[in-house]
Amino acid sequence: MTEDNIVKVGMADLNVASGGASLKTTGLGSCVGLTLFDPVRMVAGMAHIMLPSSEIAREGQLNIAKYADTAIPELLRRVLELGADRRRLVAKLAGGAQMFAFAGGNDSLRIGPRNVESTKHALTGMGIPIVSEDTGGNFGRTVELSSQTGILYIRSVQHGVKEI
Amino acid sequence: MELFNHNPDFKMDVLREVGNIGAGHAATALSRLLDKPVDMSVPTVSFVPFERIADRVGGSEEVVAAIFLRVDGDAPGNMFFLMSRKQAARVLQVLLGIEASEKDSYSELELSALCEIGNILAGSYLSSLADLTGLAMSPSVPSIAVDMAGAVLSYGVLQFGTMGDEALLIDTTFLKGEQEAEGHFFFIPDPQSFERMFVSLGVPLE
């Protein structure tokens, strides 16, 4: 992973980068890190999605970066604004783990798989192909996307660094 | 949260005392298990942005041993007992006589022992709160993960996630002799639990 020119994406946050800068988000557990990339214009976007659907939101001022169904259209708008061509956009995703296992069926613990499902559903609805993913499992991930290459680096405690 | 618009300082003080009593009992339990004195800090009670919660234990990517329990009953919430790997190794050494260095992987026995410690501590925390408030509060079966702090703590803020971008955290640090942090207790009651806690403690809501 490179050290310079990194744009940080927080929890329930999204951002875009181009011209070789990287986007990075740390400590993904049940959250999903979604990236969009245009390989010709070298424009990249990343969202750190926390919850599957804004239908459950009770907040006054909606944070659209938090929910899969609202974050993805906004991220798309931002990468297009930066010069990406919608027809060339490809998506990658990582995260959506189930960090804790309980004997009892507690629905909030299945939030990881539900985030992945909802993210894929939204991408399919917008016709953006998912070229690779590293989702599920029971471990945390830190991800970094290079706007130079479109490579998504995924670091975890157990498995080291992986590229997709 | 609107509940905290009126008399916020007093309400925060009450929650600090709640944390103080709960963690005090848990610290006593830990001290007995390890057969050495365990001090604790005064709990900090505050609304913490999701992004900043992991900073309390060294940052989002810091590897921690986290025992997580869901609290069920009248005042549901999430509870974590968090230790650094170094602290976890020390606890294992004292309790099981296992010469464990700081490491990335743990055996089933080691994980199960750490999980049980979390269970005992959370149990004493919660039972003292239940006595204090008269509310039913029972811990779920505990679950352990040794992983990035950001990844494990995100589970604790899901209930707050639909309401905003910060959670009300009751954080107590356990200290060993030389003020070295031994572990953290995070209690994050669900948003709707505060009103019930205040009512049962006789705190005027408005």
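**View 1. The surroundings of B:Leu153 in a predicted model.** B:Leu153 touches B:Ile53, B:Ala54, B:Val57, B:Phe80, B:Leu82 and B:Phe186, leaving aside residues up to four places away in sequence, where contact means heavy atoms within 4.5 Å. This is a predicted model, in which local features need pLDDT of at least 70 and side-chain atom pairs count only at pLDDT 80 or more, while totals for chains, interfaces and linings use all residues. Side-chain values use heavy atoms, with hydrogens and water left out, residues are numbered from 1 along each chain as its sequence is written, and chains are lettered from A and ligands numbered from 1 in the order in which they are written.

**View 2. The nonpolar cores.** The largest nonpolar core has 98 residues, and B:Leu153 and B:Phe174 have the most contacts inside it. Helix α1 (residues 8-34) of chain B gives the most to this core, with ten residues. Apart from it lies another core, of 24 residues, among them A:Val32, A:Leu34, A:Leu36 and A:Leu76. A nonpolar core is a set of buried Ala, Val, Leu, Ile, Met, Phe, Trp, Tyr and Cys residues joined through side-chain atoms within 4.5 Å, and buried means under 20% relative accessible area, with a 1.4 Å probe and protein chains only.

**View 3. Strands β3 and β4 of chain B.** Strand β3 (residues 63-73) of chain B runs antiparallel to β4(B), and eight bridges join them; two strands pair if DSSP finds at least two bridges between them. B:Phe81 in β4(B) is the bridge partner of B:Ile67, and a hairpin of three residues joins β3(B) to β4(B). Seven of the eight residues of strand β4 (residues 77-84) of chain B are buried.

**View 4. The open sheet of chain A.** Five strands form an open sheet with mixed pairing, in the order β2-β5-β4-β6-β7 (chain A). Its edge strands are β2 (13-18) and β7 (130-135) of chain A, each of which pairs on one side only. β2(A) pairs with strand β5 (residues 43-49) of chain A in the antiparallel sense over six bridges, and A:Asp13 stands opposite A:His48 in β5(A). Helices (H or I, at least four residues) and strands (E, at least two) are DSSP runs, numbered from the N terminus.

**View 5. Helix α2 of chain A.** The buried residues of helix α2 (residues 111-125) of chain A include A:Ile111, A:Val116 and A:Leu123. The buried residues of α2(A) pack against β4, β5, α1, β6 (90-95) and β7 of chain A, together with α6 (158-161) of chain B. After α2(A) comes A:Gly127, whose phi is positive, near 70°.

Technical notes
Buried < 20%, exposed > 50% of the residue type's maximum accessible area, 1.4 Å probe, protein only. Expected span 1.5 Å × (residues − 1).
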